Amino acid sequence: MDIDVKKTLAAFSNMGLSNVHEYFGHGFAASFFSDHEAGKITDEEFLQEIKNLLGGEVSDEVVIDAWNALLLRFPPERIALLSTLKNRYRLFLYSNTNAIHQEKFQDIYRRAFSSELDSLFEKAYYSHELGQRKPETAGFEQIIRENNLDPKQTLFVDDALMNVEGAIKAGLKGLYLPPGIFITDLIW
């Protein structure tokens, strides 16, 4: 999925939260943002924390819209590649996310492709459901165990270097996609 963290940062900044970048950014999440992605706090607690930072009256809907602003689209060429790869390899998704984002990106996918995102994968793992976030090794290790994967024969691909490093620490092979490089640029 294409994301633009700057859109969420700008939306919160426009609401008066000018230092949101201190709490949240691509490849980094601190405090309650991280707790939300790890399923340690509920959506309601997360929204209340944002409202507390804003220091004023704001509806859940407005906060959710700002939070979801970073979610853009699923490029069709990447979805086509995943559809092809799933016929040749066991594919799994491991995403640092939260229930609010999951509901929105599942809807974006459903509207664009008339199917479910999770159908592209043998199994999809979402950090808030797993109770673990990348780059910690515990989440990778759980996925390896649950699916009887051979880590030496399993490739983890991510656009955050710290997540790839976490996968490698868990024994997986890792491939980092730097800015401007996408899975469709690779020869499979």
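**Close-up views of a predicted model**

View 1. Leaving aside neighbours within four places in sequence, Leu120 is in contact with Ile79, Leu82, Ser83, Lys86, Leu91 and Tyr109.

**View 2. The largest nonpolar core, which has 18 residues.** The members that touch the most other members are Phe74, Leu82, Phe105, Tyr109, Leu117, Leu120 and Phe121. At least two residues of this core come from each of helix 5 (76-85), helix 6 (99-113) and strand 6 (123-126). Helix 5 makes the greatest contribution to this core, four residues. In soluble globular proteins, nonpolar side chains tend to be buried together.

**View 3. The aromatic pair of Phe74 and Tyr109, one of 10 aromatic pairs.** The ring centres of Phe74 and Tyr109 are 5.2 Å apart and the planes stand at 90°, so the arrangement is edge-to-face. Distant parts of the chain are linked by this pair: Phe74 belongs to the loop between strand 4 (71-73) and helix 5, whereas Tyr109 belongs to helix 6, and 35 residues separate them. Phe74 has a relative accessible area of 8% and is therefore buried, the cut-off being under 20%. Tyr109 is also buried, with a relative accessible area of 2%.

**View 4. The aromatic pair of Phe140 and Phe156.** This pair is edge-to-face, with 5.0 Å from centre to centre and 85° between the planes. Phe140 lies in helix 8 and Phe156 in strand 7 (residues 155-158), so that the pair links distant parts of the chain, 16 residues apart. Phe140 counts as buried at 3% relative accessibility, and Phe156 is buried with a relative accessible area of 11%.

**View 5. The buried residue Lys134 and its contacts.** Lys134 is located in the loop between helix 7 (127-130) and helix 8 (137-146). Its relative accessible area is 7%, and Lys134 is therefore buried. Not counting residues up to four places away in sequence, Lys134 touches Tyr94, Ser95, Asn96, Phe140, Phe156, Asp158 and Asn163. A polar atom of the Lys134 side chain lies 3.0 Å from the backbone oxygen of Tyr94. The charged end of Lys134 also sits over the ring of Tyr94, 5.8 Å from the ring centre.

**View 6. An aromatic cluster.** One cluster is formed by Phe32, Phe33, Phe46 and Trp67.

Terms used:
Residues are numbered from 1 along each chain as its sequence is written. This is a predicted model: local features need pLDDT of at least 70, side-chain atom pairs count only at pLDDT 80 or more; totals for chains, interfaces and linings use all residues. Side-chain values use heavy atoms; hydrogens and water are left out. Buried means under 20% relative accessible area, exposed over 50%, partly exposed in between (1.4 Å probe, protein chains only). A polar contact is a pair of N or O atoms within 3.5 Å; within protein, one must be able to donate a hydrogen and the other to accept it, and residues adjacent in sequence count only if both atoms are side-chain atoms. Contact means heavy atoms within 4.5 Å. A nonpolar core is a set of buried Ala, Val, Leu, Ile, Met, Phe, Trp, Tyr and Cys residues joined through side-chain atoms within 4.5 Å. Rings of Phe, Tyr and Trp (its six-membered ring) pair if their centres lie within 6.5 Å; planes under 30 degrees apart count as stacked, over 60 as edge-to-face and the rest as tilted. A charge sits over a ring if NZ of Lys or CZ of Arg is within 6 Å of the ring centre and within 35 degrees of the ring normal.
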